[in-house]
Amino acid sequence: MSKYAMVIDMDRCVSCHACEVACRSHYDVPVPYYRNWVHQLRPEGVYPDIKKVSYVGLCNHCDDAPCVKACPTGATYKREDGIVVVDKNLCIGCGLCIDACPYGARYINPDNEKVDKCDFCVDRITHGEEPACVATCIAGARIFGDLDDPKSSVSKLVASGAEQNVSDEVNVGPNIYYLDSHNDFPVVKAAFPPKVPHTPTPQSMWSKVLRPLFWLAIGGTFLGQFAAFAAQLIKGESEVKE
Amino acid sequence: MGLSTSKLNEDIILDHDLLKSHRRLTFEEKRILANRVMKKHGVAGVTLHWVNAISWFLLIATGVALLSATYLKFAPDWYLDMMEGIFGNKGAMLHFHIAVGIFWVLTLLLYGVFGFKNYLLDFIKHDLTLDKDDIRWFPAKVKNLMGKLSNYNMPAQGTYNAGQKAYAVIVAISTIALIITGPVMAFHIGSITVIQWAMMIHFVATMSVFTGVFVHVYMAALFPEERPAFFSMITGKVNELYAYLHHYKWWKEIKNEEHLFFKEELQKDGILLPELEECKNIKDHIVSAKVYNLEGEQL
């Protein structure tokens, strides 16, 4: 089986946003949302020691994806090849996955009120093509491939020391790796650290209080009726009406 | 009150709240009552009950199977797999759930809009409103179940007893909550915060009804004393003995009305029990009744 991943070579990226545009046009992503982004950070330092960094991001297709756990209906699921996808027929647009995602990779598409996000261009890669953002990148800064194949370029780059955007608090096994030789990645990590997955109040009440409460209530009524029916069986049916 | 029903004076008879329950019948009286029937539900009520029951069954069966997140789900994995197998995929199941939900809401609206005057108002007034006898019924029922209070000393009950009314109140509130929260989720009305709260309220409303529905079904289908109620949901009728023993206040009300018009007939049938003789001042009892002759003139 394959395990798809992407390496972003920050040394090569020229912040041209071509990947973002390719993605937007391929999937008709409405402004101001995106499946795939280039966030330009403000310049840092004093001339001539100045640096300007871009955060190139997309869905991390995490190994232990919090969005998959949060989805109430199972519309968001992880394929066997590691790609996290959304079944639009089953999505009810509740946004629990948006609250759970550490990377802000999801949005509700106002056109159909369902959640949308990067799916590694699953329709393209099944036809042997590269994802749109990878195919369009003028600098070859995005490298896509199979981590299960040790001969693939992503495997080699990950082995050579590409890093994930993880913190001590949040590490859910993201599959987007960053390569950089100018100490740029720590700047990105400081500006866009992964968020702790959040469960909204109604759902935490549901799982912690309401569900156990209703299990007890239903169990109680079942036991009560079991006792009543057992008593009825012991007593037997009377011949005379009332 | 230490009075037995057969010795009640007229003042007390006219005060429903102080009406004691039925007395012990003679064998002959039982035989007469058991062989007579009374109409309990109209065709509209019976139809609505079964449409509602089938809709609830389909909606709960699919709704519970739609919840698959480990921290929210209510049904075991094998059930989710089974339902997915029946429907082919869960997207189809979601659409089925929404379609049945729309059908259910439309049925209730039909009943609520066109039957507003004849059915809904009556339902709210008689079946959802608990009077003093109903409030007294709850502690009395506990004593009755513990064997400390006989059936003959229970507070008299109307068409539905207080337990049934309390459950009807839960069902009515839950139904309103479901009619609001369902479309919020199905048609994405409001922000995701609104939808998240709607999901939780939808769950609570469903589970409140689901908890009680086992008691409802058990009582109707298996519990011997209430079994005539089950058949009344098919034929619309109950035998008078059941009505007398379980819904005395309702039985008395109907008999009083009949007494007004068919006194001789009832007497011929031997149905004129002492209870009815007590209630001579029938005009005081049925305050709002208007009687018309065949030409439409008020008498």
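The loop between β5 (54-58) and α2 (66-70) of chain A holds A:H61. This residue, A:H61, is not a glycine, yet its phi is positive, at about 45°. There are 26 C-beta neighbours inside 10 Å of A:H61, and 20 or more make a residue buried, so A:H61 counts as buried. Please keep in mind that the whole model is predicted.

**Other backbone features of chain A**

- A:H17 also has a positive phi, about 70°, although it is not a glycine.
- You will find A:H17 in the loop between β1 (4-9) and α1 of chain A.
- Is A:H17 buried or partly exposed? It has 14 C-beta neighbours inside 10 Å and therefore counts as partly exposed.
- A cis peptide bond runs from A:V31 to A:P32, with omega near 10°, and A:P32 sits in the loop between α1 (18-27) and β2 (36-40) of chain A.
- Another cis peptide bond links A:Y47 to A:P48, with omega near 5°; here A:P48 belongs to the loop between β3 (44-46) and β4 (49-51) of chain A.

**Domains and cores**

- Chain A splits into domain 1 (4-191) and domain 2 (200-242), and the C-alpha centres of these two domains of chain A are 49 Å apart.
- The largest nonpolar core has 66 residues, and those touching the most other members are A:M6, A:V7, A:I8, A:C67, A:C97, A:Y177 and A:Y178.
- Leaving aside residues up to four places away in sequence, A:Y177 touches A:A5, A:V7, A:L157, A:V158, A:A162, A:E163 and A:Q164.
- Another core lies apart from the largest one and has 13 residues, including B:A156, B:A229, B:V238 and B:W250.

**Chain B on its own**

- Chain B contains 14 helices and two strands, and 23% of its 299 residues count as buried.
- Taking contacts in chain B between residues at least 6 apart in sequence, 63% join residues at least 24 apart.
- Its domain assignment gives domain 1 (1-40 + 244-299) and domain 2 (41-243).
- Where these domains meet, domain 1 of chain B provides 23 residues and domain 2 of chain B provides 22 residues.
- On the domain 1 side, α2, β1 (37-39), α11 and α12 (248-268) of chain B each give two or more residues, and α12(B) gives the most, with four residues.
- That side of domain 1 of chain B has ten nonpolar, four polar and nine charged residues.

**Where the chains meet**

- The contact between the chains draws 33 residues from chain B and 36 residues from chain A.
- At least two residues each on the chain B side come from α2 (27-34), α5 (90-114), α9 (192-221) and α11 (240-246) of chain B.
- Which of these helices gives the most to the side of chain B that touches chain A? With 14 residues, α9(B) does.
- Sorted by class, the chain B side has 25 nonpolar, six polar and two charged residues.

**A helix pair across the contact**

- The axes of α8 (residues 201-235) of chain A and α9(B) come within 10 Å and cross at roughly 5°.
- Angles under 35 degrees count as roughly parallel, so α8(A) and α9(B) are roughly parallel to each other.
- Residues making this contact include A:W206, A:L210 and A:F214 of α8(A), together with B:W197, B:F203 and B:F210 of α9(B).
- By class, this helix contact has 18 nonpolar, five polar and no charged residues.

Terms used. Residues numbered from 1 in each chain as written. Chains lettered and ligands numbered in written order. Predicted model: local features only at pLDDT ≥ 70, side-chain atom pairs only at ≥ 80, totals over all residues. Domains from an automatic or database assignment. Contact = placed C-beta atoms within 7 Å. Nonpolar A, V, L, I, M, F, W, Y, C, P; charged D, E, K, R; others polar. Buried ≥ 20, exposed ≤ 12 C-beta atoms within 10 Å, placed from the backbone. Core = buried A, V, L, I, M, F, W, Y, C linked by C-beta atoms within 7 Å. Axes fitted to C-alpha atoms, helices over the stretch in contact; angles between N-to-C directions. Parallel < 35°, antiparallel > 145°, perpendicular 65-115°, else oblique.
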